[in-house]
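Take a slow look at the model below. We will walk through it piece by piece.

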Amino acid sequence: MTDTIDYGNLMHRAMRSLIKEVLGDISKTGLPGQHHFFITFDTMHPDVEIADWLSDRYPGEMTIVIQHWFDNLVVDDNGFAITLNFGDNPEPLYIPYDSIVTFVDPSVEFGLRFDSHEEDEEDAEIVSLENTEDAPEAPMEEAETPDEPAKDAEVVSLDSFRK
């Protein structure tokens with residue numbers, strides 16, 4: 001038995017479990033209301049499965065947007081599989097929870113950021129998108145009307161949304 005409680009790892013597991021539960025619900029019922037997600041992940045994580053051209057284009061981190069069009073969302077205990085459209089080319093991806101760097105739902109100003117500390121221990125942090133300099137923020141847009149056609153998914157650099 002250790003002398004301390006490892007709150008960092010407990011929080012890490014709890015936040016990954018939250019992402020798993022949210023994506024699991026979305027896979028069954030779809031995205032409710034204006035909810036959408038920006039998910040940044042480490043493309044070099046050993047269990048990430050993406051097309052070679054995507055890993056060449058994004059050799060460190062990549063941000064996906066789950067909003068207008070996605071297909072084949074399958075959630076398991078270690079990660080999720082999803083098909084997204086990149087320039088009219090559907091591409092299957094597999095993203096392990098351990099590879100996720102940020103998970104943001106700008107529609108409700110909710111975000112999670114997973115940071116590595118100097119000792120290489122990972123910590124999860126709930127990010128308030130208000131009054132935060134390094135948290136990504138979504139641009140303000142008019143709400144889509146249901147009659148508009150669905151748009152393709154895009155890879156977005158979150159740097160463009162920072163204050």
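How many bridges join β3 to strand β4? Three bridges do, and the two strands run antiparallel. Strands here are DSSP runs of E with at least two residues, helices are runs of H or I with at least four, and both are numbered from the N terminus. Two strands pair if DSSP finds at least two bridges between them.

This is a predicted model: local features need pLDDT of at least 70, side-chain atom pairs count only at pLDDT 80 or more, and totals for chains, interfaces and linings use all residues. Residues are numbered from 1 along each chain as its sequence is written, and side-chain values use heavy atoms, leaving out hydrogens and water.

Now widen the view. An open, antiparallel sheet has three strands in the order β3-β4-β5. Its edge strands are β3 (71–75) and β5 (90–96), and each pairs on one side only. Strand β4 covers residues 79–85. There, T83 stands opposite D71.

Next comes helix α1. The buried residues of α1 are G8, H12, M15, R16, I19, L23, G24 and I26 (buried means under 20% relative accessible area, exposed over 50%, partly exposed in between, with a 1.4 Å probe and protein chains only). After α1 comes G30, with a positive phi near 85°.

Finally, look at two rings. Those of W53 and F86 have centres 6.0 Å apart and planes at 85°, so the pair is edge-to-face (centres must lie within 6.5 Å; planes under 30 degrees apart count as stacked, over 60 as edge-to-face and the rest as tilted; Trp uses its six-membered ring). W53 is partly exposed at 36%, while F86 counts as buried at 10%.
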